[in-house]
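Hi,

Here is the structure I promised to pass on. Have a look at it first, and then read on for what turned up in it.

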Amino acid sequence: MRTVALVAVMGLTACASTLPQEVPAPREGRDPLPAPRYLGVQTMRISDDLVGFRVAIERPRAAADIDAYTDCAAAQYALVRGQSYVRRIRTNIDDRGAGWKADAIYLISADRPQTGAIIEAAPTVADCKAQSIPTV
């Protein structure tokens, strides 16, 4: 099991309104990698402002596909709960085999958190839909 941790950066002021872009580009003469297949999200409320997500994905191209999927689910959850912001606390990825599984923990809030990589819920959900990444 590989652990991918997001380290909070103090004083970060820019909002992360776009999804991760670490997916490798196809090389000349090669067919592009097939798009990931999203296999579902399980949501677990931990407390009023903490929520966990378990996801499964087939054919991920990079860990960024997992991050995008969990970000999309967290952003949608925040909107449903009347919140505007999410911040990823941590993500654990099990990358054994063709299908990957991950669990991630997010902080949701109406007010913009002071630290960390902040995700604005509404633009993120719109970006997810534009990229055909499910939010539920």
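Arg 88, for instance, is found in strand β5. Keep in mind that this is a predicted model.

Let's stay with Arg 88 for a moment. Is it buried or exposed? With a relative accessible area of 12%, Arg 88 is buried, because buried means under 20%. Its side chain makes a polar contact of 2.8 Å with the side chain of Asp 71, and another polar contact, of 3.1 Å, joins the side chains of Arg 88 and Tyr 106. Tyr 106 is also the bridge partner of Arg 88 in β6.

Now the strand around it. β5 covers residues 85-94, and eight of its ten residues are buried. It runs antiparallel to β6, with nine bridges joining the two. They form a hairpin that leaves four residues between the strands, and Gly 97 in the turn has a positive phi of about 90°. β5 also pairs in the antiparallel sense with β7 (residues 118-120), this time over three bridges. There, Tyr 85 stands opposite Glu 120.

Next, the inside. The largest nonpolar core has 14 residues, and Val 51, Phe 53, Val 86, Tyr 106 and Ile 108 have the most contacts inside it. At least two residues of this core come from each of β4 (50-58), α1 (63-80), β6 (99-109) and α2 (121-130). Which element gives the most? That is α1, with five residues. There is also a second, separate core of twelve residues, including Val 55, Ile 66, Ala 68 and Trp 100.

A search of the whole structure finds three aromatic pairs. In one of them, the rings of Phe 53 and Tyr 77 have their centres 6.0 Å apart and their planes at 80°, so this pair is edge-to-face. It links distant parts of the chain, as Phe 53 sits in strand β4 and Tyr 77 in helix α1, 24 residues apart. Both Phe 53 and Tyr 77 are buried. Phe 53 also pairs with Tyr 106: the ring centres are 5.8 Å apart and the planes are at 75°, so this pair is edge-to-face as well. Here Phe 53 in β4 is linked to Tyr 106 in strand β6, 53 residues apart. Tyr 106 is buried, with a relative accessible area of 0%. Phe 53, Tyr 77 and Tyr 106 form one aromatic cluster.

On to helix α2. Its buried residues are Ala 121, Thr 124, Val 125, Asp 127 and Cys 128. Seen down the helix axis, they fall within an arc of 160°, so they line one face of α2. The face turned away from that buried side carries the exposed residues Lys 129 and Ala 130. Just after α2, Ser 132 takes a positive phi of about 60°.

Asp 48 counts as exposed, at 65% relative accessibility. Its side chain makes a polar contact of 2.4 Å with the side chain of Arg 45. The C-alpha atoms of Asp 48 and Ser 109 are separated by 9.3 Å, while the two residues are 61 residues apart along the chain.

Cheers

Definitions and conventions
Residues numbered from 1 in each chain as written. Predicted model: local features only at pLDDT ≥ 70, side-chain atom pairs only at ≥ 80, totals over all residues. Heavy atoms only, no water. Core = buried A, V, L, I, M, F, W, Y, C linked by side-chain atoms within 4.5 Å. Buried < 20%, exposed > 50% of the residue type's maximum accessible area, 1.4 Å probe, protein only. Pairing = 2+ DSSP bridges. Polar contact = N/O pair within 3.5 Å; in protein donor to acceptor, adjacent residues only side chain to side chain. Arc of directions from axis to C-beta. Phe/Tyr/Trp six-rings, centres within 6.5 Å; stacked < 30°, edge-to-face > 60°.
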